[in-house]
Amino acid sequence: MSQNDPVTITHKSGSSVTIYPYGAHITSFKTASGRELLFVSSSAKLDGSKAIRGGIPLVFPQFGQPDKSYPQHGFLRRNYWKAGLKEEGGDSSSCEFYLDLKDVETARGDGQWGKETKYDCRITLTVKILAEELTTIMKFDNTGAVPFDFQTLFHTYLKVAGGKALDPTSCNVSGLEGYKAEDKITGEEYVLGESPIIIDREVDRIYQNSSKPILSVVVNTGGQKVSLKAKASVDGKETPVSVVVWNPHIEKAKGMSDFTDEQYHDMVCVEPGVLYDVPSIENGKSAVFEQVITAL
Ligand code: BG6
């Protein structure tokens with residue numbers, strides 16, 4: 001067995017989820033009725049040479065690359081996690097992966113993790129499935145001596161059936177009325193109205209609403225819908241979840257080596273994230289971040 005052999009767990013209903021140890025990266029969730037909810041690029045690298053393009057990459061401790069000495073979206077998706085408990089046959093099926101950041105060697109681009117104490121924590125990913133539902137929970141336990149700040153996302157790539165991502169009636173994201181939108185491409189900021197978000201160009205936007213801590217959206221993924229909910233807490237206190245909606249569209253797709261030129265028709269990323277005004281995790285304390293995806 002190689003260290004990156006994927007783990008598949010099944011539920012008594014017939015649903016199943018597949019996770020690669022590299023990144024504790026979920027690459028497939030097939031519902032009991034046989035519907036695949038996640039997109040993975042046909043050119044994705046599955047050998048640990050690059051973060052997997054698709055599925056659910058885990059983002060921490062930063063979104064994007066505000067600190068250039070850490071990789072874009074952090075280092076969780078570029079490290080081998082250890083498998084923990086696995087349970088099949090009950091009401092739900094589940095498994096765990098964990099990563100002790102003191103063991104991480106590739107946190108910084110220059111490989112200087114040995115000198116780093118900022119993110120001394122254990123991260124546990126719990127993956128739980130029912131017939132039509134996938135729950136992912138990340139728990140961050142600060143095992144070090146100092147508090148640290150962080151951002152985290154589930155960078156979820158949803159599969160859009162029939163290549164319909166650019167068809168506004170078949171692919172859209174609703175539930176974010178009143179959220180503040182920040183367009184990462186144009187720099188514009190505005191408050192979102194009633195119309196759902198559609199993919200009519202390169203879309204790379206962050207939506208936030210501090211008065212709605214729990215995120216709840218419905219994504220039309222090519223005619224069939226998916227509910228995506230997320231919530232987070234730091235030291236037991238609720239903290240708001242924002243969401244990034246991303247589709248690279250024509251030009252950006254061409255520049256991505258692990259994504260074919262046409263695959264922007266087949267996916268939309270809806271990425272719940274703990275991004276703004278996040279309290280630090282004090283030493284000895286923890287944060288919990290949960291995403292639930294349900295096939296409707
Ligand atoms: C999104 C970002 O979360 O991830 C985009 O908002 C980025 O700007 C995209 O292009 C993909 O990032 P990466 O590092 O996986 O290529």
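## The largest pocket

The largest pocket has a volume of about 430 Å³, where a pocket is an open set of points, on a 1 Å grid over the protein atoms alone, with protein on both sides within 12 Å along at least five of seven lines, and where a volume is the space filled by probe spheres set on points that are joined across faces, edges and corners. Of the 23 residues lining this pocket, R53, Q72, H73, R77 and W246 are the closest to its centre, a lining residue being one with an atom within 4 Å of a point. By class, the lining comprises 9 nonpolar, 5 polar and 9 charged residues, with Ala, Val, Leu, Ile, Met, Phe, Trp, Tyr, Cys and Pro counted as nonpolar, Asp, Glu, Lys and Arg as charged, and the others, Gly among them, as polar.

This is a predicted model, in which local features need pLDDT of at least 70 and side-chain atom pairs count only at pLDDT 80 or more, while totals for chains, interfaces and linings use all residues. Residues are numbered from 1 along each chain as its sequence is written, and side-chain values use heavy atoms, with hydrogens and water left out.

## The ligand and its shell

The space taken by the ligand is the largest pocket, by the criterion that more than half of a molecule's atoms lie within 2 Å of the grid points. Around the ligand stand R53, F63, Q72, H73, R77, H155, K184, D204, V244, W246, K252 and E271, each with a heavy atom within 4 Å of it; this shell divides into 3 nonpolar, 3 polar and 6 charged residues.

Oxygen atoms of the ligand make polar contacts (pairs of N or O atoms within 3.5 Å) with side-chain atoms of H73 at 3.1 Å, of H155 at 2.8 Å and of D204 at 2.5 Å. Taken alone the ligand exposes 390 Å², and the protein buries 88% of that, as computed by the Shrake-Rupley method with a 1.4 Å probe.

## Backbone features in one loop

H73 is found in the loop between β4 and β5, and has a positive phi of about 65 degrees although it is not a glycine.

## The cavity

The structure holds 1 cavity of 30 Å³ or more, a cavity being a set of points where a 1.4 Å probe fits but cannot get out. The lining of the largest cavity has 8 nonpolar, 3 polar and no charged residues, including F140, F150 and T152.

How values were computed
Polar contact = N/O pair within 3.5 Å; in protein donor to acceptor, adjacent residues only side chain to side chain. Helix = DSSP H or I, 4+ residues; strand = E, 2+ residues; numbered from the N terminus.
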